[in-house]
Amino acid sequence: MPARPRTLTPDRSARHLFGAKMRAYRGSMSLERLAEIVNFSKSHLARVETAESMPPPELPAALDAVFDTDGIFVELYQLARKEIHPDKYRRRMELETQARLIRQYTPQIVPGLAQTEDYARALFEAYNPRATQNEIDDLVTVRLSRQAQLREDPEPDISFILDEGVIRRSFGGPKVMRAQLDRLAGLALTSTTTVQILPFSHGGHGLMGGTLTLMTLRDGTQVAYEESISTGTLLEDVTDFVTRNRAYDLLSASAMSPADSVAFIRSVMEALPDDYQR
């Protein structure tokens, strides 16, 4: 006898509503057949349909195409992807999708918008060693979906200033870090991205102690976002933005150029051991 489908609560969760709609539109179509069409595994689709896993970023549009649902699944996904984050982070995520310019300083870890999948996974595992595999998978999926959102036309311009500690602190071992550093080097100077490294030799500065993100939205609005280990503060006052924008400009003037940053990143990559070590 087949297992009874998991009971969903679509009135209380966008993720559950996504699964319920997917189950309803699939109708008599088997999961095996749907898996063949959308090029995802049956087990993965089953977890999405029962709301046990977040939909991967590419799935909603594929489902809309299969079921001819005119963007329903894409719209549901935009809601579901925010549920995994506390309310205080959701407003930042909403603004991020509206930004035409993003500038970010990070002192400890690679910015989420530039992380590889393996680096993100290692980071979440380190942050919460008790998290289940499904919980980690959901966090990684949402992290990658943020990156996908920013590749939509028109792409925002993004600049990163990274403390030297970001590229020297390993997550996931040499293999993971080598791929992550290669990603950063590739973003250092493109038509839409720049990366600068702030060396230890620079000493103290006005942005020590937390992460700063400056966003200029498509309508010209400018906002700042400060984040520590477990808190995030959105600053929408003009004076607050101007103060932090000045601090960022000073830091950018003191950091390595993108070209020198690439050379520095490559030198750190070359110094990594060949053997995979946690």
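1. Rings of Phe, Tyr and Trp (its six-membered ring) count as a pair if their centres lie within 6.5 Å; planes under 30 degrees apart are called stacked, over 60 edge-to-face, and the rest tilted. With that in hand, look at F18, Y25, F67 and F73, which form one aromatic cluster.

2. A quick word on ground rules. This is a predicted model, where local features need pLDDT of at least 70 and side-chain atom pairs count only at pLDDT 80 or more, while totals for chains, interfaces and linings use all residues. Residues are numbered from 1 along each chain as its sequence is written, and side-chain values use heavy atoms, with hydrogens and water left out.

3. By the ring rule there are 5 aromatic pairs. Take F18 and F73: their ring centres are 5.2 Å apart and their planes sit at 75°, so this pair is edge-to-face. It joins distant parts of the chain, with F18 in helix α1 (residues 14-26) and F73 in helix α5 (residues 72-83), 55 residues apart. Helices here are DSSP runs (H or I, at least four residues) and strands likewise (E, at least two), numbered from the N terminus.

4. F73 also pairs with F67: the centres are 6.0 Å apart and the planes at 45°, so this one is tilted.

5. F18 is buried at 0%, F73 is buried at 0%, and F67 is buried at 12%.

6. Now for D153, in the loop between α8 (133-149) and β2 (157-163). D153 is exposed, with a relative accessible area of 78%. From R91, D153 is 62 residues away in sequence and 21 Å away in space, C-alpha to C-alpha.

How values were computed. Buried < 20%, exposed > 50% of the residue type's maximum accessible area, 1.4 Å probe, protein only.
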